[in-house]
Amino acid sequence: MRFIITIIISLIPFLGFSAYPEQVSAPITAHVTWVTDGDTFKCRSGGVEYVVRFWGIDAPEKYITDPKTKKRIKNPLGDMAHKYLIKLLHNKNVKLYIIGKPTGGPYGRMIAKVYLGRKYVNLDLIKTGHAAWSKKYAPHEKDFAEAEKQAKSQHLGIWSNQAKSATEQQQKKSRA
């Protein structure tokens, strides 16, 4: 019986799933070449280009659909998150810890924990109010929960009154 259990456990990595849902790769050092939006970027490592989506967070979309006019309009909150990430990461070297399969998640993007030096960028985006904690994908991240709570209480970024009014103004402009 012990022999069978040992064989099954040794085959788990080859069956396409992990015994640990948040299996993390060894670190990959990469150079950020393009920031797509507030939670996705492109980078190169060893001549290979990767599209990376931050694990455990959700940044506002760059464009939203106005519910009344059905037109796509620029989202000031998404624009703010995108600009912050450009300033933080563009043309810099980062360390990636890929979560799950290295072949990429939905939309062919790698899902990763990202570090810029000692700064855990995923957490920084939540702390500064540029992204929200994705409870669905990172339900046990107490640091994310605390960072979001503080960003909300301090009205930072996406939690600010200014951000809400900017979104409302943009929607009014699109209706004119």
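**Core first.** I looked up the largest nonpolar core, which has 34 residues, and found that Phe-41, Leu-89 and Leu-96 touch the most other members. A nonpolar core here is a set of buried Ala, Val, Leu, Ile, Met, Phe, Trp, Tyr and Cys residues joined through side-chain atoms within 4.5 Å. I noted that strand S8 gives the most to this core, with five residues. Helices (H or I, at least four residues) and strands (E, at least two) are DSSP runs, numbered from the N terminus.

**Ground rules.** This is a predicted model, where local features need pLDDT of at least 70, side-chain atom pairs count only at pLDDT 80 or more, and totals for chains, interfaces and linings use all residues. Residues are numbered from 1 along each chain as its sequence is written, and side-chain values use heavy atoms, with hydrogens and water left out.

**Leu-89.** Beyond residues up to four places away in sequence, I see Leu-89 touching Val-32, Phe-41, Phe-54, Val-94, Leu-116 and Val-121. Contact means heavy atoms within 4.5 Å.

**Lys-113.** I found Lys-113 in S8 (residues 110-116). Its C-alpha atom is 8.8 Å from that of Arg-53, 60 residues apart along the chain. Leaving out residues up to four places away in sequence, its contacts include Trp-55, Leu-96 and Tyr-120.

**Ala-131.** Buried or exposed? I have Ala-131 as buried, because its relative accessibility is 0%; buried means under 20% relative accessible area, exposed over 50%, partly exposed in between (1.4 Å probe, protein chains only). Ala-131 sits in the loop between helix H3 (121-127) and strand S10 (132-133).
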